[in-house]
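Please read the points below with the model open beside you.

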Amino acid sequence: MDCIFCKIISRQIPAKIVQETSHSIAFLDAFPLAKGHTLIIPKNHHMKIQDMSNEENIDLFSLVHKVLSKVDKLTGSTLVAVHNGKDAGQEVPHVHVHLVPRTLGDSAGPIHNMFKHAKFSDSEIEEIYDKLK
Ligand code: 5GP
Ligand code: ZN
């Protein structure tokens with residue numbers, strides 16, 4: 001499969017690996033948004049979080065928990081983000097959790113900065129709520 005992250009796992013392309021478990025691996029992002037920007041991925045190729053097995057999911061987020069405690073020490077605040085699907089901004093179709101150290105004035109701001117036109121009626125919200133609960 002022609003997947004950059006699968007090639008990192010199989011060591012076909014190099015990466016600065018931070019930590020590894022049986023099912024997951026953490027490494028530095030090659031185009032960091034901040035110093036210490038780290039990616040954590042499952043070793044099996046899955047596009048979305050819900051495609052992983054329960055075991056893989058537990059292993060991935062346990063590694064997120066471990067690596068986050070180190071990354072968060074860099075600045076004291078961290079963006080933890082997953083783009084789960086192409087339209088969500090996912091460019092590499094292999095599950096990855098971003099840990100991006102944040103600082104005051106880094107220009108990223110709060111999550112509401114990402115969505116310029118979010119405004120919904122009460123009935124629209126009720127309809128979605130009925131589907132989700
Ligand atoms: P996405 O946009 O899919 O949420 O994030 C993909 C991330 O993978 C980006 O932050 C990008 O910088 C990173 N990336 C892309 N190619 C490589 C690579 O070859 N090596 C590493 N370490 N990171 C990469
Ligand atoms: Zn892959």
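The numbered points below describe a predicted model.

1. Conventions. This is a predicted model, in which local features need pLDDT of at least 70 and side-chain atom pairs count only at pLDDT 80 or more, while totals for chains, interfaces and linings use all residues. Residues are numbered from 1 along each chain as its sequence is written, chains are lettered from A and ligands numbered from 1 in the order in which they are written, and side-chain values use heavy atoms, with hydrogens and water left out.

2. Fold. The chain has three helices and five strands, in the sequence order α-β-β-β-α-β-β-α. Helices (H or I, at least four residues) and strands (E, at least two) are DSSP runs, numbered from the N terminus. Along the principal axes, the C-alpha atoms fill a box of roughly 50 × 35 × 25 Å.

3. Of the 133 residues in the chain, 30% are buried. Buried means under 20% relative accessible area, exposed over 50%, and partly exposed in between, with a 1.4 Å probe and protein chains only. Contact means heavy atoms within 4.5 Å. Among contacts between residues at least 6 apart in sequence, 54% join residues at least 24 apart.

4. Zinc site. Which atoms coordinate the zinc ion (ligand 2)? They are Cys 3 (SG), Cys 6 (SG), His 45 (ND1) and His 94 (ND1), at 2.1 to 2.3 Å. Donors are N, O and S atoms within 2.8 Å of the metal (3.2 Å for Na, K and Ca); water is not among the atoms, so sites may look incomplete. The angles among the four donor atoms are 104 to 116°, and the site is tetrahedral. Four donors count as tetrahedral if all angles lie between 85 and 135 degrees.

5. Zinc donors in the sequence. The donor residues of the zinc ion (ligand 2) follow the spacing C-x2-C-x38-H-x48-H. Cys 6 in helix H1 (residues 4-9) and His 45 in the loop between strand S3 (38-42) and helix H2 (54-75) are 39 residues apart, and this pair links distant parts of the chain. His 45 counts as partly exposed because its relative accessibility is 29%.

6. Largest pocket. Its volume is about 1,100 Å³. On a 1 Å grid over the protein atoms alone, a pocket is an open set of points where a 1.4 Å probe fits, with protein on both sides within 12 Å along at least five of seven lines; lining residues have an atom within 4 Å of a point. Grid points are joined across faces, edges and corners, and the volume is the space filled by probe spheres set on the points.

7. Pocket lining. The largest pocket is lined by 41 residues, and Asp 29, Leu 33, His 37, His 98 and Val 100 lie nearest its centre. At least two lining residues come from each of H1, strand S2 (24-28), strand S4 (78-81) and strand S5 (97-101). By class, the lining has 26 nonpolar, nine polar and six charged residues. Ala, Val, Leu, Ile, Met, Phe, Trp, Tyr, Cys and Pro count as nonpolar, Asp, Glu, Lys and Arg as charged, and the others, Gly among them, as polar.

8. Thr 38. This residue lies in strand S3. Is Thr 38 buried or exposed? Thr 38 is buried, because its relative accessible area is 2%. Leaving aside neighbours within four places in sequence, the contacts of Thr 38 include Val 18, Phe 27, Asp 29, Val 71 and His 98.

9. Val 95. This residue is in the loop between S4 and S5. Val 95 counts as buried, as its relative accessibility is 2%. Beyond neighbours within four places in sequence, Val 95 is in contact with residues including Ile 40, Pro 42, Met 52, Leu 60 and Gln 90. Val 95 and Ile 40 are 55 residues apart along the chain, and their C-alpha atoms are separated by 8.4 Å.

10. Positive phi. Arg 11, in the loop between H1 and strand S1 (17-20), has a phi near 65°, a positive value in a residue other than glycine. Arg 11 is partly exposed, at 47% relative accessibility. Ser 107, in the loop between S5 and helix H3 (122-132), is not a glycine either and has a positive phi of about 80°. Ser 107 counts as exposed because its relative accessibility is 70%.

Technical notes. Tetrahedral: all angles 85-135°; square planar, octahedral: opposite > 155°, others 65-115°.
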